[in-house]
Amino acid sequence: MKLEECIENVERYLRKEDTQPRFVNIRNTVQMKQFRQHFQVGDNLFKSVKDYAGEDDNPKIDKLLNDIKTLKGTLLLNGFTTHLMLMGEDEVKKFISQLLHTSSAICKIVVICYQCEKYLGVADVRQKRLIYDVYGQKTPKPQLVFLTLQVPVPEGKCEVIGIEHVSSKIEEEEEDTFYIRTSKRKSSYSRSLYHIVEQHSPFCVLCSMDSKTEYLLESFGTNRLWGNAMKYLSQYHSWAAFLNELFGNCNNLELAVGNWRFFDEERRWLLFIALKLYGASNSWCLQTAIKKSNSIKEFIRSVFRGLLDIDWNDADFWKRFDEWKNTVKAFGYPQEEVADYCSFVICKGKYALYYLTDATDMERKQIIGLLDVYGLEFSREELLGILEHIYPPLYAYLLPYDFRNELLNRYFQEYKYQKVINKLLQQFETLVEKQAVERDYNLLLPHRSEKIEAVEKKGTHLYFMDAMGVEFLGFILDKCHEKEMQAYVTVCKCELPSITCFNKEFIDVFEEGGATLIPDRNGIKDLDEMKHHGEKDYDFNKNKLPFHLIRELEIIENVLDNIKTKLVRGQCERAVMISDHGSSRLSVLKCSENKWTMKSKGEHSGRCCPKDEMDGQPLCATESNGFWVLANYDRFKGGRKANVEVHGGASLEEVTVPIIEITYRDQAYEIYIKEGSREIVFNTMKKNGAVEFFSKTKLGNVTVCMNGKTYDAHSGDGQNFVVKLPDLRKEGSYSIDVYSSNNRVASGLVFYARKQGMQVNKLL
């Protein structure tokens with residue numbers, strides 16, 4: 001029957017002298033609401049499940065049946081059949097049967113049933129008049145989700161607190177899912193006519209919201225994190241929609257990982273979840289790590305250790321290395337992980353060198369330690385190739401500077417190499433002993449005072465770098481190129497002994513000429529102080545490794561950064577880096593006290609001592625300014641051992657000093673191999689290989705480096721150059737770097753060399 005007809009029938013029943021109850025079956029929430037509203041008038045009494053149930057409990061039907069015997073007036077029962085559907089079909093039928101056989105002379109009873117048409121069929125035809133079945137569109141049965149108090153309800157979803165309120169919500173609101181906070185378990189309603197999902201954690205709720213959650217483990221996150229994720233998914237309806245909004249595109253999550261260190265805890269966790277769900281197919285490092293990981297901690301550790309799975313001899317090793325290095329950088333180098341990695345990487349033996357970077361102080365020190373142990377086991381070419389990737393500043397330190405003199409070139413390349421591997425080699429020590437007697441630098445090098453007059457003082461900032469020797473010229477020029485600066489170097493010798501008090505004449509000259517002294521007349525003493533006092537773990541008496549070299553390079557680069565800033569801002573026209581003297585690490589490694597006995601004790605770690613007329617002159621010492629000055633690696637008796645490096649003597653590294661004039665390069669160099677030289681023909685017998693190139697900017701003092709060898713380039717106008725390459729022996733492609741006054745101005749210029757008389761077949 002229609003709802004209106006049903007209401008009329010109920011009204012007639014209420015007016016009649018009829019002791020039997022009536023049953024009204026309604027199929028949807030709209031008609032249920034209309035029916036209730038119609039009868040919520042006067043003294044009509046509505047009773048529902050909550051009136052007969054304790055907190056979070058099922059109704060006591062026996063108590064209801066007892067009340068019916070004593071209640072007067074009109075009684076409307078609602079929600080009972082709906083609740084009993086939780087308990088099963090038998091309970092619904094039992095309840096209906098009990099009331100069908102109930103009568104009352106003092107109370108009119110109307111049982112409001114919801115979607116019970118299946119259970120209201122009666123065998124006794126006389127009872128059919130008691131049942132009013134209202135036709136209408138049936139509201140779909142909802143799903144019931146049982147939650148504990150700790151689990152949040154998804155945003156916008158219907159929450160029901162306590163099992164006793166479920167039936168009224170089902171009959172009043174049309175929802176696909178009701179989230180019920182209850183201590184009841186699904187097992188308590190094993191015969192339920194409703195689909196019940198038990199979700200006692202936010203993770204379980206998420207599984208019902210997006211089936212993709214089932215690919216995850218609940219242990220991946222805390223209830224708080226899963227709960228917050230529920231709120232997001234209730235808004236976006238799926239992991240894909242939410243994570244795409246949060247991280248851009250789930251197909252390129254490696255881009256989001258690049259910002260890891262800037263994310264808070266929750267965002268990092270969500271990115272971890274995104275990677276578990278969608279992977280990182282564009283990054284072997286992330287893809288491998290996320291598959292191994294069940295937590296953020298494991299993920300980060302797997303990323304750090306990821307490179308260890310790649311063989312150092314793999315053809316793509318350095319490509320993988322670069323990706324790994326950039327990926328690790330994204331995590332901000334947590335100290336715990338860096339320490340773990342450094343402890344673990346030693347399993348690679350000498351090849352551990354391939355697996356480190358210069359990103360952290362711990363790694364830099366480990367590189368220095370490995371060079372001490374395994375340095376001599378690598379060829380120099382291989383060692384340079386490794387350092388170019390793992391520690392570019394140290395590689396730049398080992399780059400050659402062309403002194404235009406074979407002795408100086410050989411000496412300082414050998415000196416730097418031995419300082420890096422922390423060894424004094426016999427062949428080099430023999431050279432030092434020879435120079436200690438011959439002292440060729442007296443003829444090779446001008447005094448510094450002879451050269452400072454020619455340096456422009458106006459508009460100049462003077463950086464007096466105490467104890468910076470010429471060993472750093474390759475590094476300085478490489479950094480100048482990187483920072484778009486041009487450097488002009490003059491190599492000189494200092495006064496002996498090689499100590500500051502005899503080598504400050506240039507300060508007055510620059511100050512009187514109008515230069516600005518940075519920071520003042522005392523100059524920048526960081527290098528000298530470190531070498532004297534052995535700060536941190538640099539003290540040779542406690543630690544034999546040259547960790548101070550790490551700091552030396554940092555100090556010099558910081559000064560170069562400061563210079564660039566001032567040049568760019570126009571605070572000066574040029575900067576001049578100038579040193580009073582150099583210093584020797586290898587003399588400290590030698591750790592040798594000589595046999596000569598002098599009247600005076602050795603000073604400056606024994607590298608010199610005051611002269612006395614009674615003294616005999618050692619062959620390895622020179623006399624200057626009232627001192628005997630040692631030119632080999634010994635020390636005079638009485639002198640204390642040096643802490644880090646030593647100066648005061650006359651070894652080449654102590655006495656040779658640079659004057660470096662630096663300007664800002666306001667335009668890029670444009671240098672090309674000429675068309676006719678892109679393929680050259682050479683004769684090995686005549687040694688006539690030659691390449692021509694052009695520079696848009698005029699250049700002077702131009703050299704070319706190929707395969708580690710340096711060749712002079714000749715020009716009549718400073719723009720068109722020819723360089724002879726007599727060492728060409730094999731056909732093939734070659735690459736050259738071009739230098740002007742030791743400043744690299746072009747890299748990787750390629751040409752092809754073909755032997756004379758050989759036919760080249762070109763495919764059309």
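This is a predicted model: local features need pLDDT of at least 70, side-chain atom pairs count only at pLDDT 80 or more; totals for chains, interfaces and linings use all residues.

Guide: The largest pocket is lined by 33 residues, and nearest its centre lie Leu384, Leu399, Pro400, Cys705 and Gly708. Its volume is about 1,200 Å³. Two or more lining residues come from each of helix H17 (380-390), helix H18 (392-397), helix H19 (406-421), helix H23 (473-482), strand S23 (702-706), strand S24 (709-715) and strand S26 (732-740). H17 contributes the most, with six residues.

Residues are numbered from 1 along each chain as its sequence is written, and side-chain values use heavy atoms, with hydrogens and water left out.

A pocket is an open set of points on a 1 Å grid over the protein atoms alone, where a 1.4 Å probe fits and protein lies on both sides within 12 Å along at least five of seven lines; lining residues have an atom within 4 Å of a point. Points are joined across faces, edges and corners, and the volume is the space filled by probe spheres set on them. Ala, Val, Leu, Ile, Met, Phe, Trp, Tyr, Cys and Pro count as nonpolar, Asp, Glu, Lys and Arg as charged, and the others, Gly among them, as polar. Helices (H or I, at least four residues) and strands (E, at least two) are DSSP runs numbered from the N terminus.

The second largest pocket holds about 320 Å³ of space. Of the 17 residues that line the second largest pocket, Tyr401, Phe403, Arg404, Val489 and Val491 lie nearest its centre. Strand S11 (residues 485-493) gives the most to this lining, with four residues. The lining of the second largest pocket has nine nonpolar, five polar and three charged residues.

How high is the mean pLDDT of the chain? The mean is 92, and 97% of the residues reach 70 or more; pLDDT is the predictor's confidence in each residue, from 0 to 100. Confidence is highest in H18, at 98, and lowest in strand S14 (residues 592-593), at a mean of 72. H18 is also one of the elements that give two or more residues to the largest pocket.

Now to the backbone. Most residues other than glycine have a negative phi, and most peptide bonds are trans. Leucine 496 and proline 497, however, are joined by a cis peptide bond with omega about -5°, and proline 497 sits in the loop between S11 and helix H24 (505-512). S11 is the strand that gives the most to the lining of the second largest pocket. Another cis bond runs from isoleucine 518 to proline 519, with omega near -10°; proline 519 is in the loop between strand S12 (516-518) and helix H25 (526-533).

Asparagine 742 has a positive phi of about 70° although it is not a glycine. Asparagine 742 lies in the loop between S26 and strand S27 (743-755), and S26 takes us back to the elements of the largest pocket's lining. With a relative accessible area of 15%, asparagine 742 is buried (buried means under 20%, exposed over 50%, partly exposed in between, with a 1.4 Å probe and protein chains only). Histidine 237, also not a glycine, has a positive phi of about 75°. Histidine 237 is found in the loop between helix H8 (223-236) and helix H9 (239-247), and is exposed, at 61% relative accessible area.

Finally, the rings: a search of the whole structure finds 35 aromatic pairs. In one of them, tryptophan 260 and phenylalanine 331 have ring centres 5.0 Å apart and planes at 55°, so the pair is tilted. This pair links distant parts of the chain, 71 residues apart. Tryptophan 260 is buried at 1% relative accessibility, and phenylalanine 331 is buried at 6%. The rings of tryptophan 312 and tyrosine 351 are stacked, because their centres are 4.2 Å apart and their planes at 10°. This pair also links distant parts of the chain, 39 residues apart. Rings of Phe, Tyr and Trp (its six-membered ring) pair if their centres lie within 6.5 Å; planes under 30 degrees apart count as stacked, over 60 as edge-to-face and the rest as tilted. Tryptophan 312 is partly exposed, at 25%, and tyrosine 351 is partly exposed, at 25%. Ring pairs join Trp312 and Tyr351 into a cluster whose members also include Phe317, Trp318 and Phe378.
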